[in-house]
Amino acid sequence: MAGRKFWAIIIILLIAVIITGGIVAWQRYSPPQTIEISPPSPPELNSKVNPAELPQKIDINRSEAWLLEALPGIGESKAQAIIGYRQQNGGFKHIIEITEVDGIGPAIYEDIKDLITVDD
């Protein structure tokens with residue numbers, strides 16, 4: 001009888017330690033920082049624009065998933081679908097081809113077309 005009480009107390013203590021550890025770990029967790037990409041503003045008329053000052057576009061043929069996820073409307077599953085499409089089809093030849101990826105339609109394309117490229 002005393003042996004059962006001993007093991008019951010040990011199990012209760014272990015459960016308490018696990019729960020406390022989980023709470024402490026959850027409180028210290030900080031979600032990853034989001035990356036915000038905004039479309040470039042059009043250059044002013046009659047002004048010379050230095051190409052180095054323009055924001056860089058994301059190459060959809062080379063970018064990793066985390067960078068694709070920074071595009072508006074592109075989450076983890078769509079980023080993986082883009083990578084799968086380019087692996088299966090040998091890459092994109094033009095940015096409009098991204099609409100052939102499942103889940104990316106004209107609305108998302110309009111949001112990202114100024115932010116992407118297929119540079120070689």
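Just after helix H3, Gly 90 takes a positive phi of about 75°. Welcome to this predicted model, whose protein chain has 120 residues.

**Helix H3**

- H3 covers residues 76-89, which makes 14 residues.
- From its first C-alpha to its last, H3 reaches 20 Å, close to the 20 Å expected at 1.5 Å a residue.
- Five names to look for in the structure are Ala 79, Ile 82, Ile 83, Tyr 85 and Arg 86, which are buried in H3.
- Seen down the helix axis, the buried residues of H3 fall within an arc of 160°, so they line one face of the helix.
- Helix H2, at residues 65-68, is included in what covers the buried residues of H3.
- Turn to the other side of H3 and you will find Glu 76, Ser 77, Gln 87 and Gln 88, which are exposed.

**Salt bridges**

- Side chains of opposite charge can pair when their charged atoms come close.
- You can look for 2 salt bridges in this structure.
- One of them joins the side chains of Arg 62 and Asp 59, at 3.3 Å from N to O.
- Arg 62 counts as exposed because its relative accessibility is 54%, and exposed means over 50%.
- Another salt bridge brings together the side chains of Glu 110 and Lys 113, at 3.0 Å from N to O.
- Glu 110 has a relative accessibility of 46%, so this residue counts as partly exposed.
- Lys 113 also counts as partly exposed, with a relative accessibility of 28%.

**The chain as a whole**

- If you follow the protein chain from the N terminus, its elements run α-β-α-α-α-β.
- Of the 120 residues in the chain, 23% count as buried.
- Among contacts in the chain with a separation of 6 or more, 49% are between residues 24 or more positions apart.
- The accessible surface of the chain comes to about 9400 Å², and carbon and sulfur atoms account for 58% of that surface.

Technical notes:
Residues numbered from 1 in each chain as written. Predicted model: local features only at pLDDT ≥ 70, side-chain atom pairs only at ≥ 80, totals over all residues. Heavy atoms only, no water. Helix = DSSP H or I, 4+ residues; strand = E, 2+ residues; numbered from the N terminus. Expected span 1.5 Å × (residues − 1). Buried < 20%, exposed > 50% of the residue type's maximum accessible area, 1.4 Å probe, protein only. Arc of directions from axis to C-beta. Contact = heavy atoms within 4.5 Å. Salt bridge = Lys/Arg side-chain N within 4 Å of Asp/Glu carboxyl O. Areas by Shrake-Rupley, 256 points an atom, 1.4 Å probe, with all protein chains shown as cover.
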